[in-house]
Amino acid sequence: FNKYLPQWKTRKLSSITKADVARLHATIGKDAPYAANRVRSLLSVVFNTAINDFGYEGVNPCRGVKKFHEEKRDRFLLPDEMKRFFAARSDEPDDTLRDFFWTALLTGARRGNCQSMRWDELDLSRGDWRIPGDKSKNREPMLVHLPPRAVEILTCRLTDNAAKPKAKRSEHVFPSFG
């Protein structure tokens, strides 16, 4: 918003037309098609929220403004990058960050799922993590089998959490993210 829409900050929704959105989308899309699509999506959410939650009676001018084609991107760490990644992870002084990245890597889970991981979702004796449907991308519950190293990391975090005074214990495995 701050990068692409500051000039629209004070505009009334009713003054924004489909032509305005299409023009902005095309202008941004010349150099940054992915960003143009994100801006169009942001505007669409603003209008849909105004319509659904605040009684705005206008239409969503983003409808019909076609997004630019986006190529799916696969990105994996290369062998030399893996060495630097593991060195950086080992050098990280913050236990929570270090454990978070290691757990995310070992489970292959989405960042948001790892960030919101709760103790009541884990069965460390079986090595299972049950992600509820309301937290999964496809809205279906998922069962993640935890590798032994992940169980080891999570068990240490659980022990540390249990050693805290009751008022300081967290229901989240990574409390700074939850």
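The legends below describe close-up views of a predicted model.

**View 1. Salt bridge between R157 and D99.** The closest N and O atoms of R157 and D99 are 3.0 Å apart. This pair links distant parts of the chain, with R157 in helix α6 (residues 148–163) and D99 in helix α4 (residues 95–107), 58 residues apart. R157 and D99 are both buried.

**View 2. Salt bridge between R118 and E171.** The N to O distance between these side chains is 2.9 Å. R118 lies in the loop between α5 and β1 (122–123), and E171 in the segment after α6, so the pair links distant parts of the chain, 53 residues apart. R118 is partly exposed, at a relative accessible area of 24%; E171 is also partly exposed, at 45%.

**View 3. Salt bridge between R126 and D123.** The closest N and O atoms of R126 and D123 are 3.0 Å apart. R126 counts as exposed because its relative accessibility is 55%, whereas D123, at 21%, counts as partly exposed.

**View 4. Network of salt bridges linking R11, D20 and R23.** The count of salt bridges in the model comes to 12.

**View 5. Patch of positive charge on the surface.** K72, R110, R111 and K137 gather here. R111 is found in helix α5 (residues 111–115) and counts as exposed, because its relative accessibility is 58%.

**View 6. Nonpolar patch on the surface, formed by F1, L42 and V46.** Together these residues have about 240 Å² of accessible area. F1 is found in the segment before α1 (18–31) and, at 44% relative accessibility, counts as partly exposed.

Note on methods:
Residues are numbered from 1 along each chain as its sequence is written. This is a predicted model: local features need pLDDT of at least 70, side-chain atom pairs count only at pLDDT 80 or more; totals for chains, interfaces and linings use all residues. Side-chain values use heavy atoms; hydrogens and water are left out. Patches are made of residues with over 30% relative accessible area and no salt bridge: like charges are joined within 9 Å, nonpolar side chains (Val, Leu, Ile, Met, Phe, Trp, Tyr) within 5 Å. Accessible areas come from the Shrake-Rupley method with a 1.4 Å probe; for residues, only the protein chains shown count as cover. A salt bridge is a side-chain nitrogen of Lys or Arg within 4 Å of a carboxyl oxygen of Asp or Glu. Lys and Arg count as positive and Asp and Glu as negative; His and the chain ends are not counted. The place of a charge is taken as NZ of Lys, CZ of Arg, CG of Asp or CD of Glu. Helices (H or I, at least four residues) and strands (E, at least two) are DSSP runs, numbered from the N terminus. Buried means under 20% relative accessible area, exposed over 50%, partly exposed in between (1.4 Å probe, protein chains only).
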